[in-house]
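Hi,

Here is the structure I promised to pass on.

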Amino acid sequence: MNRTANLVLISGSLREGSTNTAVVRTLPGLLGDRVRPLEYRGMASLPHFNPDDDVEPLPAEVARLRRVVAEADAVLFCTPEYAGDLPGSFKNLLDWTVGGMEIVDKPVGWINASSSPTGAEGAHRALRTVLGYTGAHLVEEACVRVPVSRAAVDAGTGTVTDPGVREAIAEVARALVGHVAAGWGSSAADGAEEEFADRAAGA
């Protein structure tokens with residue numbers, strides 16, 4: 001039986017021209033017909049996390065974030081590092097997922113797009129810690145560093161054009177969606193692999 005995986009894509013950057021956002025916006029063109037991508041773009045509208053506000057009725061954007069995560073089969077993050085840690089706005093988004101149960105046991109992964117010598121190690125170490133608190137299921141083979149330089153991004157479309165980088169990005173998504181499909185049975189997993197291979201070959 002063919003099934004479509006809902007994959008939520010979240011960039012941890014609010015900056016225009018972010019290579020992390022470029023990765024997120026490149027992925028839909030690489031995913032194939034058996035994956036339904038959804039880029040969450042509401043991070044800037046989330047209120048500052050306050051446990052007193054984590055009650056019904058939730059702030060509108062918080063409710064939307066949790067609904068998006070609840071409907072996802074998997075979530076893929078791509079975040080920069082700021083001052084050796086997660087950017088505040090992205091940490092705020094993650095804090096809002098802790099109080100709900102939507103992300104518990106949800107397969108998650110990340111693409112570390114940093115091209116800096118340190119490889120944004122501080123941010124991704126912190127991301128691993130925070131995701132542990134949320135109860136998310138970290139898919140190790142879908143947590144990969146894929147350095148993306150600004151030269152690899154088309155300024156007009158805001159997407160990655162370098163073929164090698166595109167294939168590496170697709171490989172991470174393939175691992176995450178393959179993990180999801182494996183829970184549906186071998187035929188679904190094989191179909192997902194074929195879809196990705198076809199898209200990557202035609203990119």
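A word on terms before the findings: two strands count as paired if DSSP finds at least two bridges between them. The strands (E, at least two residues) and helices (H or I, at least four) are themselves DSSP runs, numbered from the N terminus.

This is a predicted model, in which local features need pLDDT of at least 70 and side-chain atom pairs count only at pLDDT 80 or more, while totals for chains, interfaces and linings use all residues. Residues are numbered from 1 along each chain as its sequence is written, and side-chain values use heavy atoms, with hydrogens and water left out.

With that rule, β1 and strand β3 (residues 74–78) pair in the parallel sense over five bridges. Within this pairing, Leu9 stands opposite Leu76 of β3.

β1 (residues 5–11) also runs parallel to β2 (residues 35–40), joined to it by six bridges, and Leu7 has Pro37 as its bridge partner in β2. Between β1 and β2 the chain passes through helix α1 (residues 19–26), a right-handed β-α-β crossover (clockwise from the first strand over the helix to the second, with the strands pointing away from the viewer). Six of the seven residues in β1 are buried (under 20% relative accessible area, 1.4 Å probe, protein chains only).

Now the cysteines. The disulfide count is zero, taking a pair of cysteine sulfur atoms within 2.5 Å as the criterion. For Cys78 the closest cysteine sulfur is that of Cys143, at 12 Å, so the two are too far apart for a bond. Cys78 is buried at 1% relative accessibility, and Cys143 is buried at 16%.

Best wishes

Terms used. Buried < 20%, exposed > 50% of the residue type's maximum accessible area, 1.4 Å probe, protein only.
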